[in-house]
Amino acid sequence: MHTPYSPERAVQLARDTLDIEARALLSLRERLAAPPLSSAFAQAVQCILQSPGRVVVSGMGKSGHVGRKIAATFASTGTPAYFVHPAEASHGDLGMVTRDDVFLALSNSGETEELTRIVPQVKRLGATLISMTGRTDSTLARHADILLDCAVEQEACPLNLAPTASTTAQLALGDALAVALLDARGFGPEDFARTHPGGSLGRKLLTHVSDVMRSGQAVPSVTEEAPFTAALMEITRKGLGMTAVVDARGVLAGIITDGDLRRLIEKGANLNTLQAQQAMHPQPHTIGPDALAVEAVQLMEQYRINQLLVVDAQNKPVGALNMHDLFAAKVI
């Protein structure tokens with residue numbers, strides 16, 4: 001008879017599920033502290049590091065879903081990898097596997113027919129076979145060059161049938177491999193950004209000042225001898241809240257900002273008689289076009305400024321930007 005829904009029972013089952021899966025991971029962690037799993041794990045990492053090819057991950061059903069995630073994690077952390085469906089492999093996709101590759105096969109039972117059918121051909125191709133399975137006496141385990149035993153005592157499913165704790169263990173062991181590999185490769189934030197150009201880290205580490213700065217006629221600029229009123233008009237026209245002040249050679253001499261205007265008004269200065277060089281702030285903070293945009297953010301935050309001039313090697317203004325430009329580029 002079907003048991004009526006009970007919120008209390010649902011919550012208790014959820015807690016039980018997490019307890020079972022947590023115990024499975026802790027058990028896996030303990031087994032990794034000593035042979036045979038520790039030596040097999042280290043051998044697997046070394047094998048993948050030394051492989052001139054790619055890691056080909058394969059699994060059926062729930063193990064297949066886990067395998068796709070493991071392959072994606074490998075690929076995004078410096079280990080070229082892709083997923084091959086074992087059934088499709090039997091119908092031509094096995095041609096993607098070469099002798100230089102490492103074949104990572106996932107099956108909790110180790111007897112998944114679609115996998116065991118292609119394993120002999122993988123071996124004949126000369127690819128190294130790493131089997132991740134919960135049964136060390138299985139067909140997949142016997143054929144393995146390297147065996148990663150990820151057995152669990154029980155599934156979190158109340159019927160002990162649906163793959164739950166076993167797939168969690170597979171996923172965690174795959175993550176452990178990926179982390180060990182990225183560390184061994186010296187994979188850093190810049191490398192991560194290159195494989196994630198669309199993410200926030202990618203924008204921070206790959207976006208340069210030249211990518212977001214205003215340039216050409218959009219850069220506000222007046223000469224030292226220009227009347228202050230001309231500088232004010234330039235600030236208004238260009239909409240950056242500032243203007244560069246340059247000498248006769250076009251070299252940056254100073255900057256006039258909205259803040260400078262407010263301070264002059266507070267002092268009662270006669271704005272009609274001032275020249276730009278009399279109102280400017282000399283030696284302003286600047287940045288180069290090849291600097292990272294995130295460096296511009298740090299500079300603005302450090303000195304509590306909202307605008308920044310971009311200068312070339314000769315200290316001539318070639319660009320300008322403000323916080324709004326960096327917000328628009330999603331660097332902030």
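**Close-up views of the predicted model**

**View 1. Thr-257 in strand β8.** Thr-257 is buried, with a relative accessible area of 15%, where buried means under 20% relative accessible area, exposed over 50% and partly exposed in between (1.4 Å probe, protein chains only). The residue is found in strand β8; helices (H or I, at least four residues) and strands (E, at least two) are DSSP runs, numbered from the N terminus. Leaving aside residues up to four places away in sequence, Thr-257 touches Gly-241, Met-242, Arg-263 and Gln-307, a contact being heavy atoms within 4.5 Å. This is a predicted model, in which local features need pLDDT of at least 70 and side-chain atom pairs count only at pLDDT 80 or more, while totals for chains, interfaces and linings use all residues. Residues are numbered from 1 along each chain as its sequence is written, and side-chain values use heavy atoms, with hydrogens and water left out.

View 2. In α11, which runs over residues 228-238, the buried residues are Phe-228, Ala-231, Glu-234 and Ile-235. They lie on the same side of α11 because they cover an arc of only 115 degrees around the axis, the arc being that of the directions from the helix axis to the C-beta atoms. An α-helix has 3.6 residues a turn, so residues three or four places apart point the same way. The buried residues of α11 pack against β6 (221-223), β7 (242-246), β8 (252-257), α12 (258-267) and α13 (276-279), whereas Thr-236 and Arg-237, on the other side of α11, are exposed. Gly-239, which follows α11, has a positive phi, near 65 degrees.

**View 3. The cis peptide bond at Pro-36.** Pro-35 and Pro-36 are joined by a cis peptide bond, with omega about 5 degrees. Pro-36 belongs to the loop between α1 (7-31) and α2 (37-50).

View 4. Most residues other than glycine have a negative phi, and most peptide bonds are trans. Asn-160, in the loop between β5 (146-149) and α7 (165-185), has a positive phi near 60 degrees and is partly exposed, with a relative accessible area of 41%. Arg-304, in the loop between α14 (293-303) and β11 (307-311), likewise has a positive phi, near 55 degrees, and is exposed, with a relative accessible area of 79%.
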